[in-house]
Amino acid sequence: AVILAHQSEGSLCDWLPYARRLASQGYFAFPIDFRGYGFSQVRSGSAANRFAGDLAAATKALRKLGKRKVFLAGASMGGIASLVAGVNVTPAVDGVVSISAPARFRGMDALKTVPRLRVPVLYLAAEGDDNAGYDFSKDAEAMHEATAAADKRLELVPGSLHGIGLVAASARAKAAVEGFLKGHP
(Lines give C-alpha, C1' and ligand atoms only; values in the text may rest on other atoms or scores of the structure.)
Protein backbone atom coordinates (compact mmCIF):
# COMPACT_ATOMS: atom_id res chain seq x y z
CA ALA A 1 0.00 0.00 0.00
CA VAL A 2 1.12 3.55 -0.69
CA ILE A 3 -0.24 6.40 1.43
CA LEU A 4 -0.18 9.61 -0.60
CA ALA A 5 0.18 12.78 1.48
CA HIS A 6 -0.68 16.11 -0.16
CA GLN A 7 1.10 19.45 -0.05
CA SER A 8 -0.15 22.57 1.72
CA GLU A 9 -3.06 24.33 0.05
CA GLY A 10 -4.07 20.97 -1.39
CA SER A 11 -6.10 17.87 -0.67
CA LEU A 12 -6.23 14.18 -1.46
CA CYS A 13 -7.90 15.08 -4.76
CA ASP A 14 -4.57 16.40 -6.07
CA TRP A 15 -3.15 12.87 -5.89
CA LEU A 16 -6.07 11.08 -7.60
CA PRO A 17 -4.56 10.84 -11.12
CA TYR A 18 -1.33 9.42 -9.73
CA ALA A 19 -3.22 7.16 -7.31
CA ARG A 20 -5.01 5.65 -10.31
CA ARG A 21 -1.66 5.09 -12.01
CA LEU A 22 -0.25 3.32 -8.95
CA ALA A 23 -3.42 1.24 -8.62
CA SER A 24 -3.05 0.15 -12.25
CA GLN A 25 0.41 -1.15 -11.30
CA GLY A 26 -1.02 -3.26 -8.50
CA TYR A 27 -0.55 -0.95 -5.52
CA PHE A 28 -3.26 -0.13 -3.00
CA ALA A 29 -3.04 3.67 -3.36
CA PHE A 30 -4.48 5.56 -0.39
CA PRO A 31 -4.47 9.37 -0.72
CA ILE A 32 -5.46 11.12 2.51
CA ASP A 33 -6.58 14.56 3.60
CA PHE A 34 -4.55 15.99 6.44
CA ARG A 35 -6.49 17.45 9.35
CA GLY A 36 -8.00 20.77 8.34
CA TYR A 37 -7.79 20.03 4.60
CA GLY A 38 -10.37 18.73 2.14
CA PHE A 39 -13.07 16.79 3.96
CA SER A 40 -11.02 16.35 7.12
CA GLN A 41 -11.99 17.76 10.49
CA VAL A 42 -10.53 21.16 11.37
CA ARG A 43 -8.40 21.19 14.51
CA SER A 44 -7.11 24.16 16.46
CA GLY A 45 -4.16 24.88 18.68
CA SER A 46 -1.31 22.42 18.83
CA ALA A 47 -3.51 19.67 17.35
CA ALA A 48 -3.82 21.60 14.07
CA ASN A 49 -0.37 20.58 12.78
CA ARG A 50 -0.01 16.94 13.83
CA PHE A 51 0.33 15.77 10.25
CA ALA A 52 2.70 12.91 11.07
CA GLY A 53 0.00 11.63 13.42
CA ASP A 54 -2.46 11.62 10.52
CA LEU A 55 -0.05 9.40 8.59
CA ALA A 56 0.37 7.11 11.59
CA ALA A 57 -3.42 6.75 11.78
CA ALA A 58 -3.64 6.02 8.04
CA THR A 59 -0.92 3.38 8.40
CA LYS A 60 -2.80 1.77 11.28
CA ALA A 61 -6.02 1.74 9.26
CA LEU A 62 -4.29 0.05 6.30
CA ARG A 63 -2.77 -2.58 8.56
CA LYS A 64 -6.23 -3.32 9.96
CA LEU A 65 -7.28 -3.92 6.34
CA GLY A 66 -4.50 -6.52 6.08
CA LYS A 67 -1.89 -4.45 4.24
CA ARG A 68 1.46 -5.74 5.47
CA LYS A 69 3.70 -3.48 3.38
CA VAL A 70 3.05 0.25 3.71
CA PHE A 71 4.95 3.10 2.10
CA LEU A 72 4.53 6.81 2.78
CA ALA A 73 4.82 9.15 -0.21
CA GLY A 74 4.34 12.84 0.38
CA ALA A 75 4.69 16.09 -1.52
CA SER A 76 6.08 19.22 0.14
CA MET A 77 4.25 19.46 3.49
CA GLY A 78 3.26 15.81 3.01
CA GLY A 79 6.89 14.95 2.31
CA ILE A 80 8.20 16.33 5.58
CA ALA A 81 5.26 14.77 7.46
CA SER A 82 6.13 11.42 5.82
CA LEU A 83 9.73 11.70 7.01
CA VAL A 84 8.67 12.47 10.58
CA ALA A 85 6.09 9.68 10.54
CA GLY A 86 8.66 7.32 9.01
CA VAL A 87 10.70 7.68 12.17
CA ASN A 88 7.82 7.35 14.62
CA VAL A 89 5.30 4.84 13.19
CA THR A 90 5.45 1.40 14.79
CA PRO A 91 5.70 -1.14 13.45
CA ALA A 92 7.88 0.68 10.96
CA VAL A 93 6.68 1.54 7.47
CA ASP A 94 8.51 -0.11 4.58
CA GLY A 95 9.80 3.10 3.04
CA VAL A 96 9.34 6.82 2.57
CA VAL A 97 9.23 8.93 -0.60
CA SER A 98 9.78 12.62 0.10
CA ILE A 99 8.94 14.86 -2.87
CA SER A 100 9.88 18.55 -2.75
CA ALA A 101 9.84 18.56 1.04
CA PRO A 102 11.11 21.49 3.06
CA ALA A 103 13.55 20.68 5.85
CA ARG A 104 11.42 22.63 8.34
CA PHE A 105 7.70 23.43 8.22
CA ARG A 106 4.91 24.08 10.75
CA GLY A 107 6.78 22.77 13.74
CA MET A 108 8.26 19.77 11.92
CA ASP A 109 12.05 19.64 11.62
CA ALA A 110 13.27 16.88 9.35
CA LEU A 111 16.92 17.73 9.94
CA LYS A 112 16.44 16.81 13.60
CA THR A 113 14.27 13.78 12.76
CA VAL A 114 15.96 11.97 9.85
CA PRO A 115 19.11 11.04 11.78
CA ARG A 116 16.77 8.47 13.41
CA LEU A 117 15.21 7.33 10.11
CA ARG A 118 16.11 3.69 9.47
CA VAL A 119 13.69 2.72 6.67
CA PRO A 120 14.51 3.07 2.95
CA VAL A 121 13.97 6.62 1.70
CA LEU A 122 13.89 8.46 -1.61
CA TYR A 123 14.37 12.22 -1.70
CA LEU A 124 13.07 13.74 -4.93
CA ALA A 125 13.15 17.41 -5.94
CA ALA A 126 13.56 19.64 -8.98
CA GLU A 127 16.89 21.46 -9.19
CA GLY A 128 15.26 24.87 -9.71
CA ASP A 129 12.45 24.51 -7.18
CA ASP A 130 13.05 27.46 -4.92
CA ASN A 131 10.07 29.55 -3.90
CA ALA A 132 8.35 31.03 -0.86
CA GLY A 133 11.71 31.26 0.92
CA TYR A 134 12.55 27.59 0.44
CA ASP A 135 15.19 25.91 -1.72
CA PHE A 136 13.69 22.46 -1.96
CA SER A 137 16.60 20.82 -3.80
CA LYS A 138 19.09 22.10 -1.20
CA ASP A 139 16.77 20.89 1.56
CA ALA A 140 16.60 17.46 -0.12
CA GLU A 141 20.39 17.32 -0.24
CA ALA A 142 20.70 18.31 3.44
CA MET A 143 18.06 15.80 4.58
CA HIS A 144 19.65 13.04 2.48
CA GLU A 145 23.02 13.76 4.06
CA ALA A 146 21.55 13.71 7.59
CA THR A 147 19.53 10.51 7.10
CA ALA A 148 20.70 7.50 9.08
CA ALA A 149 19.17 4.86 6.79
CA ALA A 150 21.71 2.91 4.79
CA ASP A 151 19.18 2.57 1.95
CA LYS A 152 18.73 6.18 0.90
CA ARG A 153 18.61 7.83 -2.49
CA LEU A 154 18.63 11.43 -3.72
CA GLU A 155 17.13 12.22 -7.13
CA LEU A 156 17.33 15.81 -8.40
CA VAL A 157 15.61 16.36 -11.73
CA PRO A 158 15.87 19.34 -14.07
CA GLY A 159 13.31 22.12 -13.91
CA SER A 160 11.39 23.95 -11.23
CA LEU A 161 8.23 21.89 -10.79
CA HIS A 162 7.08 21.32 -7.23
CA GLY A 163 5.50 18.45 -5.33
CA ILE A 164 2.59 16.67 -6.97
CA GLY A 165 3.11 18.75 -10.12
CA LEU A 166 6.64 17.36 -10.40
CA VAL A 167 5.41 13.76 -10.30
CA ALA A 168 2.53 14.55 -12.66
CA ALA A 169 4.67 16.19 -15.36
CA SER A 170 8.08 14.53 -15.16
CA ALA A 171 8.63 11.04 -16.56
CA ARG A 172 11.94 10.92 -14.69
CA ALA A 173 10.22 11.75 -11.38
CA LYS A 174 7.56 9.08 -11.98
CA ALA A 175 10.29 6.56 -12.82
CA ALA A 176 12.19 7.43 -9.63
CA VAL A 177 9.13 6.95 -7.41
CA GLU A 178 7.97 3.78 -9.13
CA GLY A 179 11.48 2.37 -9.27
CA PHE A 180 11.86 2.95 -5.53
CA LEU A 181 8.56 1.19 -4.78
CA LYS A 182 9.40 -1.75 -7.06
CA GLY A 183 12.89 -1.96 -5.59
CA HIS A 184 11.46 -2.60 -2.12
CA PRO A 185 8.94 -5.42 -2.65
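V177 sits in helix 7, which spans residues 171–182. Helices here are DSSP runs of H or I with at least four residues, strands are E runs of at least two, and both are numbered from the N terminus. The model is predicted, so local features need pLDDT of at least 70 and side-chain atom pairs count only at pLDDT 80 or more, while totals for chains, interfaces and linings use all residues. Residues are numbered from 1 along each chain as its sequence is written, and side-chain values use heavy atoms, with hydrogens and water left out.

Is V177 buried or exposed? Its relative accessibility is 3%, so V177 counts as buried. Buried means under 20% relative accessible area, exposed means over 50%, and partly exposed lies in between, with a 1.4 Å probe and protein chains only. V177 touches Y18, V97, I99, L122 and L124, leaving out residues up to four places away in sequence. Contact means heavy atoms within 4.5 Å. A125 is 52 residues from V177 in sequence, and their C-alpha atoms are 11 Å apart.

Helix 1 (residues 16–24) packs on helix 7 at an angle of about 45°, with the axes 12 Å apart. That angle makes helix 1 oblique to helix 7. Angles under 35 degrees count as roughly parallel, over 145 as roughly antiparallel, 65 to 115 as roughly perpendicular, and the rest as oblique. Axes are lines fitted to C-alpha atoms, for helices over the stretch in contact, and angles run from 0 to 180 degrees between N-to-C directions. The crossing of helix 1 and helix 7 is right-handed. A crossing is right-handed if the near helix is turned clockwise from the far one by less than a right angle, and left-handed if anticlockwise.

Which residues meet here? Helix 1 brings Y18, R21 and L22, and helix 7 brings K174, V177, E178 and L181. This contact holds 4 nonpolar, no polar and 3 charged residues. Ala, Val, Leu, Ile, Met, Phe, Trp, Tyr, Cys and Pro count as nonpolar, Asp, Glu, Lys and Arg as charged, and the others, Gly among them, as polar.

L22 also touches A29. A29 belongs to strand 2 (residues 29–32). T113 is 84 residues from A29 in sequence and 26 Å away, C-alpha to C-alpha.

Helix 2 (residues 51–64) and helix 3 (residues 77–88) pack at about 65°, and their axes are 8 Å apart. The two are therefore roughly perpendicular. Their crossing is right-handed. F51, A52 and L55 of helix 2 make the contact with M77, G78, A81, S82, V84 and A85 of helix 3. These residues divide into 7 nonpolar, 2 polar and no charged.

L55 also belongs to the largest nonpolar core, which has 36 residues. A nonpolar core is a set of buried Ala, Val, Leu, Ile, Met, Phe, Trp, Tyr and Cys residues joined through side-chain atoms within 4.5 Å. The residues with the most contacts inside this core are I3, F34, L55, L83, M108, L117 and Y123. Strand 1 (2–5), helix 2, helix 3, strand 7 (121–126) and helix 5 (136–146) each give two or more residues to this core. Helix 3 gives the most, with 7 residues. L83 is in contact with V96, S98, A110, T113, V114, L117, V121, Y123 and M143, leaving aside neighbours within four places in sequence. A second, separate core of 25 residues includes V2, L122, V157 and F180.

Next comes G74, in strand 3 (residues 71–75). G74 counts as buried, at 0% relative accessibility. G74 touches A5, W15, G79, S82, V97, S98 and I99, again without residues up to four places away in sequence. F51 lies 23 residues from G74 along the chain, and their C-alpha atoms are separated by 11 Å.

The loops hold some backbone details. T90 and P91 are joined by a cis peptide bond, with omega about -10°. P91 lies in the loop between helix 3 and strand 4 (95–99). S100 lies in the loop between strand 4 and strand 5 (104–105). Its phi is near 55°, a positive value in a residue other than glycine. S100 is buried, with a relative accessible area of 1%. Phi of A132 is also near 55°. A132 is in the loop between strand 8 (130–131) and strand 9 (134–135). At 70% relative accessibility, A132 counts as exposed.
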